[in-house]
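Here is a colleague's note to read with the structure open beside you. Please take the points in order and find each residue as it is named.

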Amino acid sequence: MYVLGIETSCDETGVAIYHSKRGLCNHLLYSQIEMHSEYGGVVPELASRDHIRKLVPLIKQSLQESQLSSADINGIAYTAGPGLMGALLVGAATARSLAWSWQIPAVAVHHMEGHLLAPMLEAPPPAFPFVALLISGGHTLLVQVDGIGHYRLLGESLDDAAGEAFDKTAKMLGLGYPGGPKLSKLAENGRPVFQFPRPMTDRPGLDFSFSGLKTYTMNTLNGSQKTEQDKADIAMAFQNAVADTLSIKCRRALKQTGLKRLVVAGGVSANKHIRACLTEMAGRENAAIYFPRPEFCTDNGAMIAYAGCQRLLAGQQQELEIFARPRWPISELSGL
Ligand code: KG4
Ligand code: ZN
């Protein structure tokens, strides 16, 4: 079964073709970063308009590069949420219309399920059950995954998501958008002179909070000379604090569930220091750890094609409806 995957929930237009047996045939990504960077963040209306411009040409290109025609495609998977409503609607309406005209099923995919399943595109893929840490720009979730669609929420951020904390802190440090990768680059020149708090690790539970850390960072910055070296030191201290906090909570989640497999996905999982810190912790806990390749940590069409393919294989699809949900708790998903 060939599945066309479409991702348009935020600022990347992602398209991919996944075959249920042969694996990933092709994936293409158009990033809107340059356009939004002028404004210091994503402008939703501009995002939607750009998806309209880029999506259909990308689908054509993906078919061409895979040496397939529309007649070869057996199903379409599109991100239906969570995300920006206008941006989601571009993908949903395009997917639905193509499915209608090609007379094939379409399935609405939950963006965070896409992230969660992205490590399945790597070898070896993680076996169920496992603990998943999902760290993106909009969400920070710890989930027990018993199978596709069987998600038990263990913890989440009570305020800013991890990626959002990176982006806001980067802005404070005078770095552009998106802040995560830029802050991480700056942190490479940092010296270990500051020790930032590890929020909510001194009490039981698996929830996160990153807004206090942001304020702490702001106060430290204001109390410094704001030299380039100060900023690099602060970036390093911030990144260390986030990495440590995530690591402490994941260790707790592994202990609490008794599971020995940890999946880490979402944009922030591209962060080298966080990957190293979590890998070290998993090693100490005798647990196996799985990440997507760096380009599949951030938004992409491949993870949507994969997730949709699994649901289509299980016979799931939606009626003729343009389905888009800007807010959509992952725990509401049905299992396979
Ligand atoms: O998963 P994603 O592409 O989009 C959402 O679903 O939100 O995640 C984007 C987030 C942004 O906040 C971005 O700054 C962060 O992931 N990010 C990083 C890195 N690469 C992307 N944060 C820290 N270090 C990175 N290397
Ligand atoms: Zn994402």
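1. Histidine 111 is buried, because its relative accessible area is 6% and a residue counts as buried under 20%. Please keep in mind while reading that this is a predicted model, and that the values below are computed from it.

2. Histidine 115 is likewise buried, with a relative accessible area of 0%. Both histidine 111 and histidine 115 belong to helix 4, which covers residues 111-117, and they stand four residues apart, about one turn of the helix.

3. Which atoms coordinate the zinc ion (ligand 2)? The zinc ion is held by NE2 of His111, NE2 of His115 and an OD atom of Asp299, at 2.0 to 2.1 Å. Along the chain, these donors follow the spacing H-x3-H-x183-D.

4. How many residues are around ligand 1, and which come nearest? There are 18, and those that come nearest are His115, Gly137, Asp167, Gly267 and Asn271. Sorted by class, the shell has eleven polar, five nonpolar and two charged residues. Helix 4, helix 5 (162-172) and helix 6 each provide at least two residues of this shell, and helix 5 gives the most, with three.

5. Arginine 198 deserves a separate look. Arginine 198 sits in the loop between helix 6 (179-187) and helix 7 (211-222). Is arginine 198 buried or exposed? Its relative accessibility is 18%, so arginine 198 counts as buried, although the value should be read against the cut-off of under 20%.

6. The contacts of arginine 198 complete the picture. A polar atom of the arginine 198 side chain lies 2.6 Å from the backbone oxygen of phenylalanine 196. If neighbours within four places in sequence are left aside, arginine 198 is in contact with Asn240, Ala241, Asp244, Thr245 and Ile248.

Definitions and conventions:
Residues numbered from 1 in each chain as written. Chains lettered and ligands numbered in written order. Predicted model: local features only at pLDDT ≥ 70, side-chain atom pairs only at ≥ 80, totals over all residues. Heavy atoms only, no water. Donors = N, O, S within 2.8 Å, 3.2 Å for Na, K, Ca; no water. Buried < 20%, exposed > 50% of the residue type's maximum accessible area, 1.4 Å probe, protein only. Polar contact = N/O pair within 3.5 Å; in protein donor to acceptor, adjacent residues only side chain to side chain. Contact = heavy atoms within 4.5 Å. Near = heavy atom within 4 Å. Nonpolar A, V, L, I, M, F, W, Y, C, P; charged D, E, K, R; others polar.
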